[in-house]
Amino acid sequence: MLETIWYHITGLFWFCLYLLPESLVLYEVTRRLVRAEHRKEQILPFILYMMGNYACNRLIIFYANGWNVLSSLVWYPIMLYRVFHKKGWDLLLSMLKIMLFMVVFELSCALLINLVGPLGIPQDLFLLTTVDTLHNHTMELASGLLNLLGLLPMLTVLLIWDHLRQRKTLPAETRRRHWLYARCIIRVLLLVASAFTVFSLPQFVFGPNSFAITTKNPAYLVLVLAVAVMLAVAVSYMVQDIRYILQLQRLNTLEQQQAISNSLLQNLRYFRHNMVNMLYGLEGELIGGDRKSVTAYYQQMREKCMLVNNENIAALERVTNPSVSAVLLHSVDKARQLNLPMNLYVQEKVFFGRTLPDADLCQVLGVLQDNAIEAADKAEERFVSVEIRNVENGVEIIVKNTYAGEVTPDQLTRGGVSTKEGHEGQGLRSCYEILARRKGAFLNFWVTGQYVQAQLLLSR
């Protein structure tokens, strides 16, 4: 009796192990179906629930073939509730999506089984319906590959759907650039397909053992020549597309830098015009002879002069990422409107890498700068600085600001403190959620004296 139970357990173990790759792909499919964010801490519980589903599925099919779908109808609601925290109507709607997915998935696997028959592969190789088949590693591997192949088209459809849904919110220039990338990929695929045709098509046209005679066959030589011309044309178009994309990126960078320079120079002209009027005002204060009034007026002028920092222009021009430049320029302009001194420092040849996509990097940097400006605006000594420099195997971004009141690092560690009504701490909390999904991105805080310092580290 114990040997029989152990025999079942070991078979189920190997069955679940061979379906592990399917579980990883299934997590991506499921979270997209239920509109959930990717979280590392969800993957292991999801796999464990799916392993329980697989084991129950096989146990049911041994005794009542066809009723094994009941296992999924029980395990999936539990998994949606425990892993993705779906409740009520949201849980019901998610379960309906999963049921539709299960039907399409089963049809996809059935279609694949029917397709392998003409290829000479026995269809029984994929059917694990007895305990003994669970100990046949060849059949388990074939079943795992079948399920994986049945999942991949569905994942591809979901990825394309997500991409099309997100494209509606992208700027026209970004959509155009994505289309250029897609066109390059299509041409590369056509290039590969054409090259493959050179080696495979003669086997269908001239027979399976035709390699020795096709090199002397005029029809084959004409075919090779035609394909070679197609390959040359495809390569030329692909090279042109790549050059155009590179030129477009350089043009966008130059336009962004030009816009930044024009904006800062315009602010400088505006300040110079106002400075003349301020000097007239200082002359009036000096004539009045009130020392305290003259000192206060001089302090105001000093603060105004601190707002004009030519180094900010040079720093923004050193930022090669247009999206980051736009975020920094927005913060500089916001600080200028608040009469808040803000200094930028950007090291030469800073490369942000691919740790964070541009959208996530701009969101995190924007939150850090907005919080710094908001805190410094209420301080007695108002000051904000942003430093971007290369470090060993990465990039370091430091946002430093003065503050009023009391702040501890614990308040900033998970969520922070915000005075925005209805959004208490949401900015920093969203930053931590973004960074938790990415490897090699870290956010640290220090409080030293009258300064709060945020450090964002991005590895390459």
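## Sheet, helices and surface

Colleague: Which residue in the turn between β4 and β5 has a positive phi?

Modeller: Helices (H or I, at least four residues) and strands (E, at least two) are DSSP runs, numbered from the N terminus. β4 and β5 form a hairpin, with two residues between the strands. A positive phi of about 60 degrees belongs to Gly-449.

Colleague: Before we go on, which atoms do side-chain values use?

Modeller: This is a predicted model: local features need pLDDT of at least 70, side-chain atom pairs count only at pLDDT 80 or more, and totals for chains, interfaces and linings use all residues.

Colleague: How many bridges join β4 to β5?

Modeller: Two strands pair if DSSP finds at least two bridges between them. β4 and β5 (residues 451–459) run antiparallel. Thr-448 has Tyr-451 as its bridge partner, and Val-447 stands opposite Val-452. The number of bridges is eight.

Colleague: Is β3 mostly covered or uncovered?

Modeller: Buried means under 20% relative accessible area, exposed over 50%, partly exposed in between (1.4 Å probe, protein chains only). β3 pairs antiparallel with β2 over eight bridges and is joined to β5, also antiparallel, by nine. Eight of the nine residues of β3 are buried, making the strand mostly covered.

Colleague: What is the bridge partner of Lys-400 in β5?

Modeller: Strands of a sheet pair through backbone hydrogen bonds, either parallel or antiparallel. β3 and β5 run antiparallel. Val-395 has Leu-458 as its partner in β5. For Lys-400, the partner is Gln-453.

Colleague: Which residue in the turn between β2 and β3 has a positive phi?

Modeller: β2 and β3 form a hairpin with two residues between them. Arg-389 has Glu-396 in β3 as its bridge partner. The phi of about 60 degrees in the turn belongs to Asn-393.

Colleague: Why does Ala-335 count as buried?

Modeller: Ala-335 is found in helix α12. Contact means heavy atoms within 4.5 Å. Leaving aside neighbours within four places in sequence, Ala-335 is in contact with Leu-340, Met-342 and Ile-373. Ala-335 counts as buried because its relative accessibility is 1%.

Colleague: How far apart in space are Ala-335 and Asp-377?

Modeller: In sequence, the two lie 42 residues apart. In space, C-alpha to C-alpha, Ala-335 and Asp-377 are separated by 8.7 Å.

Colleague: Where is Leu-92 found, and is Leu-92 buried or partly exposed?

Modeller: Leu-92 is found in helix α5. Its relative accessibility is 45%, so Leu-92 counts as partly exposed.

Definitions and conventions: Residues are numbered from 1 along each chain as its sequence is written. Side-chain values use heavy atoms; hydrogens and water are left out.
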